[in-house]
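The sequence and the structure are shown below.

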Amino acid sequence: MTRKRRRLYMVLAGMCVLGIATALVLTSFRDSLVFFYSPTDLAAKPVAAGRNFRIGGLVKDGSVVKDGVIYHFSVTDLKNEVPVTYKGMLPDLFREGQGVVAEGHLNDSGTFVASNVLAKHDEKYMPPEVAAALKKSGEWRPEASN
Amino acid sequence: MIAEIGQFTLILALVTAFFQGTLPMIGAARGNAPLMRFADNAALVQFLAISIAFGALTTGYITSDFSILNVANNSHSTKPMLYKVTGVWGNHEGSLLLWGWILALFGFSVALFGRNLPGSLKARVLSVQGLIGVGFLLFVLFTSNPFTRLDPAPFDGDGLNPLLQDPGLAFHPPFLYLGYVGLSVTFSFAIAALIEGRVDPAWARWVRPWTLAAWSFLTIGIAMGSWWAYYELGWGGWWFWDPVENASFMPWLAATALLHSAIVVEKRDALKNWTILLAIIAFSLSLLGTFLVRSGVLNSVHAFASDPTRGLFILIFLIVVVGGSLLLYGLRAPSMKGGGLFAPISREGGLVLNNLLLSTAAATVLLGTLYPIFLDAFSGEKVSVGPPYFEATFLPLALPLLIAMAIGPFLPWKRADITGAFARLKFALLAALVLGGGIYAWRSHTSIMTLFGLAVFAWLFAGSLLEWTERVRLFRGSLGASLKRIKGLPRSAHGMTIAHMGAALVVLGITASGAWQTEHLGVMKPGDVIDVGGYDFRFEGAHDVTGPNFKAVEGHFVASDGGSPIDLYPQQRTYDMPPMQTTEAAIHPMLTADLYAVIGDADGKGGYAVRIYHKPLISWIWMGALVMFAGGALSFSDRRLRLGAPKQAKTMTPGGAREIKGS
């Protein structure tokens, strides 16, 4: 086995593994990218029912209705809002008037069915997507977020 | 006063690090021995100075000195003492100080234990360590000073995020940093070798213990983080492919690859360039991890602050370190001579495959982690890459790796016979078939992935054990002779077997808990009974309790599968300062399954929202990680790798070439 031949084998093996990895990445990227939309984005450009995405904004004051372990609330960027339903236990820092990010899909009646409501770890913290969504809708008030 | 001492010693450390980073390098280039020896003293002074600074901040926390801004922002006088101490690194500034302190500790350890290193190599290694120290201390002093005063001092502090007031998380950062920063030593060795233009088996022998230490600490640090997520966040999950988790996982993958490629350099004098590159990549990923986690680019419990100057500083630091070292690599690596030849099917070939798979896996994780950041930066579109991506790319690369892990140790160096290796693995194959087939016969609706995962567990566990029994000739002669062989086998060989078996146990835990978990989510009233995973959970009710700095609603469940009843007391806590709610899951861990209960809001009609899980074999994920750590630690204690141990002649015992198998 010469040095050249060995190098050739190693390069071939490396390219095989990289090729497989690239194929895996490309096929899974298409399905597993989760886009983020604000309620205003959604109003401007509707998303097909059943498609997975994330939505973020503030939990609208007075919108939370609890039915056992099923919650109904509205996510708003103070211009538009989207009704959300979630079955499960909400994160500890879920509050009316606070920022929230939820992952899920729209059902046929236009309600966002959340499979996951993302927890914030700190009450001072505003998810950057939510901050951006509020800035876009012109309702960003940094001093009010703390 | 105490803050000024800390401030002063930090500046002293910076000045020392600057001279440590420059003078010995000049000394090594000119063959000036006193300048080279200066590195040892500088490393000691730098370590002592940062130790005093760290002690000063800790004192500030213990005495609740709220005239220090950092203490006022992150501590509170009623906080339990343990969390006052661990709170020192529970924030941005303090955690960076810890990073710098560990960096100095490692530098000092090289100075202390590296007596046998050639003078110029040691001087250059310490010099590179000094330069990294300069970068970090500048960062701490100019963007994240923990000793900034606050005037007037508030009456009391803001408190520590209650999620961090937890023993699992209190010790997760130090272990993780020991791993991250441990990789700085291998990085410094790599840079020093590039400057010297020489890599030989002796170099690899000096590098391996540091890699091993860093890898072991990373393993335990990541396991602690995942354990914390499991019981503290109350979602029952243990790994989310969160960018912050990936940030610690990528250096681990690179360190694992490095650990294995360094063996090839040591034993066979081959793969030198690759090993150097891997050492650079591993530390770059550590720095990238620190950058991702600390800059506020990512949103998580770790993003303490999002001050843009900090992000910019780390980014520039990252570019200098990664770019500079890769440039040096590009200039110097081609002149390094390759060593021993080997056939594709050989121990070396197996380790190359290991490295290929591990580094490709690290690359796919890196892509998934950075893609959203780049997309946001270039197009403003916000996306997230979730678990489906990582499962679809990581698992297909991890499975062949796990299968090959059992075969590799059976292959001799240079040239191997793959059919012979399989013949010796027939019992492992049998174990895999029996377990997979048995589970299928028991529950035919089990998914193919589950069956495959369990078979891989059996294959790897039995294969590792087989290799060990063969090496000590268990059952092939008298027990006494085997015992003698067990004693005679290098500890690194035992360590490899144990670490590989640990990995098998992790696979078992992941597969079984993922496949057979049962969950109940609903409202329960006192007296209600629900069956989850074969256990009857009776809800006895809930009442208020008071802790040292929180109030809580505590539920009481009694679980029973006919044996002695098990009490579970989940809490929903409301902390006083900062006022924040946390969910404290009640977990009853057993070898066969974990019982996991969470209590939520009252529904106002006497019921409570509850979530109950039965998670079979899940604790093996963390026990497996502990076993891997134990394997690493045992390997580390091998006298052949002992730091400063005299270079040992290769002794060939009657086992022949098998003697030099390492983990």
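What distance separates the centres of domain 1 of chain B and domain 3 of chain B, taken over C-alpha atoms? In this predicted model, the two centres are 41 Å apart. Domain 1 of chain B covers 1-163, while domain 3 of chain B is assigned to 425-512 + 627-644 + 654-660. The assignment for chain B also includes domain 2, given as 166-336 + 348-404, and domain 4, given as 518-617.

In chain A, strand E4 (residues 70-76) is mostly covered, with five of its seven residues buried. The pairings of E4(A) are listed here.

| Partner of E4(A) | Residues | Bridges | Sense |
|---|---|---|---|
| E2(A) | 53-59 | two | antiparallel |
| E3(A) | 65-67 | three | antiparallel |
| E5(A) | 81-87 | seven | antiparallel |

Individual residue pairs place these strands against E4(A). From E2(A), which has two bridges to E4(A), A:Leu58 stands opposite A:Thr76. Towards E5(A), A:Ile70 stands opposite A:Lys87.

Two hairpins involve E4(A). The hairpin of E3(A) and E4(A) has two residues between the strands, and A:Gly68 takes a positive phi near 65° there. The hairpin of E4(A) and E5(A) has four residues between the strands. In that hairpin, A:Leu78 takes a positive phi near 70°.

As a general point on strands, side chains in a regular strand alternate between the two faces of the sheet.

Definitions and conventions: Residues are numbered from 1 along each chain as its sequence is written. Chains are lettered from A and ligands numbered from 1 in the order in which they are written. This is a predicted model: local features need pLDDT of at least 70, side-chain atom pairs count only at pLDDT 80 or more; totals for chains, interfaces and linings use all residues. A residue is buried if 20 or more other C-beta atoms lie within 10 Å of its own, exposed if 12 or fewer, and partly exposed in between; C-beta atoms are placed from the backbone. Two strands pair if DSSP finds at least two bridges between them. Domain bounds come from an automatic or database domain assignment.
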